[in-house]
Amino acid sequence: HSLFSASSAVTHHAQVAWKKFTRKCSSSCHTFPYIRMAQAVSLALSRSHLIVPGIFGLGGGRLALAQRKVVETNYYPSPNSLYSRAQDGHAFVSSILLSVIEGVILLVRAIYLTILFSPSIIMAPFADSCGLKFRKIWLEVVHRTLETAGPAFIKWGQWAATRPDLFPKDLCTKLSELHSRAPEHSFAFTKKTIERAFGRKLSEIFDSFEEEPVASGSIAQVHRASLRFRYPGKRVKPMLVAVKVRHPGVGESIRRDFMIINLVAKLSKFIPTLNWLRLDESVQQFAVFMMSQVDLAREAANLNRFIYNFRSWKDVSFPKPVYPLVHPAVLVETYEQGESVARYVDEFEGYDMVKAKLAHIGTHALLKMLLVDNFIHADMHPGNILVRVSHSKASRKRLFKSKPHIIFLDVGMTAELSKSDRINLLEFFKAVARRDGQTAAECTLRLSQRQNCPNPKAFIEEVDEAFAFWGTPEGDLVHPAECMEQLLEKVRRHKVNIDGNVCTVLVTMLVLEGWQRKLDPGYDVMETLQTLLLKADWAKSLSYTIDGLMA
């Protein structure tokens, strides 16, 4: 109206009416931008000629459009709005409640563990002074306590059994018995876990599945099954597999227990007598060891690496993971037939040729892991080693001439050494072979990046004296493995630090040497290692083959 009217009075009235209209409509956030746009255009056209008002109208329109976006943004709930604050408040309250519940669970668990470990802790100060019988009772109490405390503490006991540099020999021997059969979970949970992991029904994956597990550990249990293969127009023989299923709640239980163990380790910093143990660092090493046991997908990766490393060996093998049936909670692998090596060690009479070959194969496999691959199976107790001997209708004499085959199981626990640790460890073995006590002690002191030995000189002198005795005709009767055990006892008494992976390798060698000495008393693992080291120039190269050195 103001555009086409020539009268200034009419224009004035139109503008007054427009202002009233805009005030009346300003309460509506939806229509306000369009009104502002029209107001800008009409006002510009009423004050100027046709071209200039067009330019101002276009600019006013763009400005109003920008205001519209701001208004529409303000119309929806912003992060500062009451609705959003209510949502954030609900999430905050929920997180607070969950944290409180988690804290209560941790507190109850801590109280339970305190009560459970109280007898062991109270008896510990008297274990050395009250006689051998009392000490045996204390060791049994510690063993039963760790078994009752749950998977995290069972695994801690197994890890502690590999640390004779930190714990007495008899305690390590008792803790090594924690490889016993653990309670089994229900088949219903097994079925649910497998179907959830692979997104398919159990009957779609397996032709048959044994509900009773063939073995059960602290982390998982193993079922035997027949894998179903479907190829169009082809009939394939079902594949026998082992299905390892993690126990229910193991991950959460271990996580909570590890938080408690970590807290105790941090508090130990304030106790001067425990500082040399570096429990915080040991707990971190134990955490890596523990999580490698819980994650079954990591075990599958370890299997693949061992299979590749031993691809040219005909007398050593590992179970093969069946992809894509690999999950952190479920691992499907080939089922390996065989007898436990423990039966050859403790039960079978005779079979001397087979036992001697087993000792040689096991030694060569370990030396390859240590010296060539730098990837060591760190859980080589007899329960994790199977022996397969080809049975035929031939005479029994042929069995003695047959070459056995070794299968290594349960490779969740492995060890790798840094270049400096390998050099120091191999120089240590060379010093032991040469009966050089001072060099052996100095290499031992270098087996930790943070050495806190209070009196290194006294340690070197004591080790040198021991080696001097072992070099005499009387000391020559002492087995090299016993010398190593005595040396680790001196390490513990003098509070010498040894990194976890290095100590794990040492103990693995001692465990292997222990059961191989029973298989073939005339074969010496340590002597074989020393012979290899004296033939090789380790200062120049760490890369060679076992077969070449044996030749």
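In which strand is the place of Ser226?

A: Ser226 sits in strand β3, residues 220–227 (strands are DSSP runs of E, at least two residues, and helices are runs of H or I, at least four, both numbered from the N terminus). Bear in mind that this is a predicted model, where local features need pLDDT of at least 70 and side-chain atom pairs count only at 80 or more, while totals for chains, interfaces and linings use all residues. Residues are numbered from 1 along each chain as its sequence is written, and side-chain values use heavy atoms, with hydrogens and water left out.

Ser226 counts as buried because its relative accessible area is 11% (buried is under 20%, exposed over 50%, partly exposed in between, with a 1.4 Å probe and protein chains only). Leaving out residues up to four places away in sequence, Ser226 touches Phe206, Asp207, Ser208, Pro238 and Met239 (a contact means heavy atoms within 4.5 Å).

Now zoom out. The protein has 22 helices and twelve strands, and 45% of its 551 residues are buried. Of the contacts between residues at least 6 apart in sequence, 69% join residues at least 24 apart.

The largest nonpolar core has 69 residues (buried Ala, Val, Leu, Ile, Met, Phe, Trp, Tyr and Cys joined through side-chain atoms within 4.5 Å). Domain 2 (182–336) and domain 3 (339–390 + 402–550) each give this core at least three residues, with the bounds taken from an automatic or database domain assignment. Leu370 is among the residues with the most contacts inside the core, and its partners beyond four places in sequence include Ile376, Leu417 and Phe429.

Next, helix α12, residues 296–309. Its 14 residues should span 20 Å at 1.5 Å a residue, and its end C-alpha atoms are 20 Å apart, so the two agree (the expected span is 1.5 Å times one less than the number of residues). Buried residues in α12 include Leu296, Ala300, Leu303 and Phe306. At the helix start, a side-chain oxygen of Asp295 comes within 3.1 Å of the backbone nitrogen of Ala297.

Past that helix, Arg311 lies in the loop between α12 and β5 (316–317). Arg311 is exposed, given its relative accessible area of 55%, yet its side chain reaches back to the backbone oxygen of Tyr308 at 2.6 Å.

Methods:
A polar contact is a pair of N or O atoms within 3.5 Å; within protein, one must be able to donate a hydrogen and the other to accept it, and residues adjacent in sequence count only if both atoms are side-chain atoms.
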